[in-house]
Amino acid sequence: MTFEHRLLVGFEEIKTVVFECNTCKTRVSIPVKEFTAGLVSCPKRHGWVTNSLAIERATAFDALAMLIARLGDPIFQEQSGFRVLLDFDSPQRD
Ligand SMILES: [Zn+2]
């Protein structure tokens with residue numbers, strides 16, 4: 001028998017956006033409320049390519065779909081030099 005554990009979270013539950021460098025694995029955590037612009041490198045100055053994430057003239061839902069597809073694409077992650085993780089509080093169990 002296989003058990004599966006899944007979490008369903010809303011965007012409002014995301015606390016921080018975490019960038020992890022592909023080269024050195026350093027993680028940079030930015031609180032969602034302070035996240036206003038992309039980063040160009042990790043603290044150890046390994047370059048990150050963030051301009052390929054540009055999404056212009058798209059509805060919010062179209063932009064969300066494109067963003068999720070790109071950030072989850074292993075080829076994009078390799079080419080950009082980083083991957084993105086989302087941090088949120090574990091839900092309370094009743
Ligand atoms: Zn690095």
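The chain contains an open sheet of 3 strands in the order β2-β1-β3, with antiparallel pairing; strands are DSSP runs of E of at least two residues, helices are runs of H or I of at least four residues, and both are numbered from the N terminus. Two strands are taken to pair if DSSP finds at least two bridges between them. Strands β2 and β3 (82–88) stand at the edges with a single partner strand each, so one side of each has no neighbour in the sheet. From one strand to the next, the twist averages 25 degrees, the angles being taken between N-to-C directions of lines fitted to C-alpha atoms, on a scale from 0 to 180 degrees.

The model is predicted, and local features need pLDDT of at least 70, side-chain atom pairs count only at pLDDT 80 or more, and totals for chains, interfaces and linings use all residues. Residues are numbered from 1 along each chain as its sequence is written. The mean pLDDT of the chain is 87, with 95% of its residues at 70 or more; pLDDT is the predictor's confidence in each residue, from 0 to 100.

Strand β1 (residues 14–21) is paired with β3 in the antiparallel sense over 7 bridges. Within this pairing, Phe82 of β3 is the bridge partner of Cys21, and Leu85 of β3 stands opposite Val18. The antiparallel pairing of β1 with β2 comprises 5 bridges. Here Phe19 has Val28 of β2 as its bridge partner, while Pro31 of β2 stands opposite Thr16. β1 and β2 form a hairpin with 5 residues between them, and in the turn Lys25 has a positive phi of about 65 degrees.

Overall, the secondary structure of the chain comprises 2 helices and 3 strands, which follow the pattern β-β-α-α-β along the sequence. The C-alpha trace spans about 45 × 35 × 35 Å along its principal axes. Of the 94 residues, 5% count as buried, a class that requires 20 or more other C-beta atoms within 10 Å of the residue's own, with C-beta atoms placed from the backbone; residues with 12 or fewer are exposed, and those in between are partly exposed. Among contacts between residues at least 6 apart in sequence, 45% join residues at least 24 apart, a contact being defined by C-beta atoms, placed from the backbone, that lie within 7 Å.

Methods
Contact = placed C-beta atoms within 7 Å.
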